Amino acid sequence: MSAVKDGKKISANDILRFILELWALVIFGYWGLNQNLGIINYALMLLLPIIAAAIWGPFAVPNDPSRSGGAPVPVPGAVRWLLEFLILGAAFWIMYATISVYLGIVFGVLVMIHYVLARERIGWLLGSKSN
């Protein structure tokens, strides 16, 4: 299953990755909201997803076909993959350890399915260097 937007093919796995990315940001916000720190919880709820997105978003591999192609902060593919893996891994751990074991397992399995389906992209990332 795939769709075409602006001449680029969008696969079901691209949609899954987008959902996992959004889900990870929601997990960070939910975790921040539930820290028993009074009013600071609300700041954490807003700041943790923003910080994660600020760390994650700008670092990209130039000409990554799964993104816009632009790279505000060009990095080697291995660095980009490591950032993705750490963010999704942290979201999995937060969910599994503090929110819901069941939902954590579901999230983790979906991440693994995504990475199996994205093996060509991962191979490309691990073989690419930044300019």
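Trainee: How many nonpolar, polar and charged residues are in the lining of the second largest pocket?

Mentor: Its lining has four nonpolar, four polar and seven charged residues. Nonpolar covers Ala, Val, Leu, Ile, Met, Phe, Trp, Tyr, Cys and Pro; charged is Asp, Glu, Lys and Arg; the others, Gly among them, are polar. The model is predicted: local features need pLDDT of at least 70, side-chain atom pairs 80 or more, while totals for chains, interfaces and linings use all residues. Numbering runs from 1 along each chain as its sequence is written, and side-chain values use heavy atoms, without hydrogens and water.

Trainee: Which residues lie nearest the centre of this pocket?

Mentor: A pocket is an open set of 1 Å grid points where a 1.4 Å probe fits, with protein on both sides within 12 Å along at least five of seven lines; lining residues have an atom within 4 Å of a point. Here 15 residues line it, with Ser 11, Asp 14, Ala 118, Glu 120 and Arg 121 nearest the centre.

Trainee: Which elements each supply at least two residues of that lining?

Mentor: Helices (DSSP H or I, at least four residues) and strands (E, at least two) are numbered from the N terminus. The contributors are β2 (8-11), α1 (12-33), α4 (101-117) and α5 (119-127). α5 gives the most, four residues.

Trainee: Is Val 101 buried, partly exposed or exposed, and why?

Mentor: Buried means under 20% relative accessible area, exposed over 50%, partly exposed in between (1.4 Å probe, protein chains only). Val 101 is found in helix α4. Val 101 counts as partly exposed because its relative accessibility is 43%.
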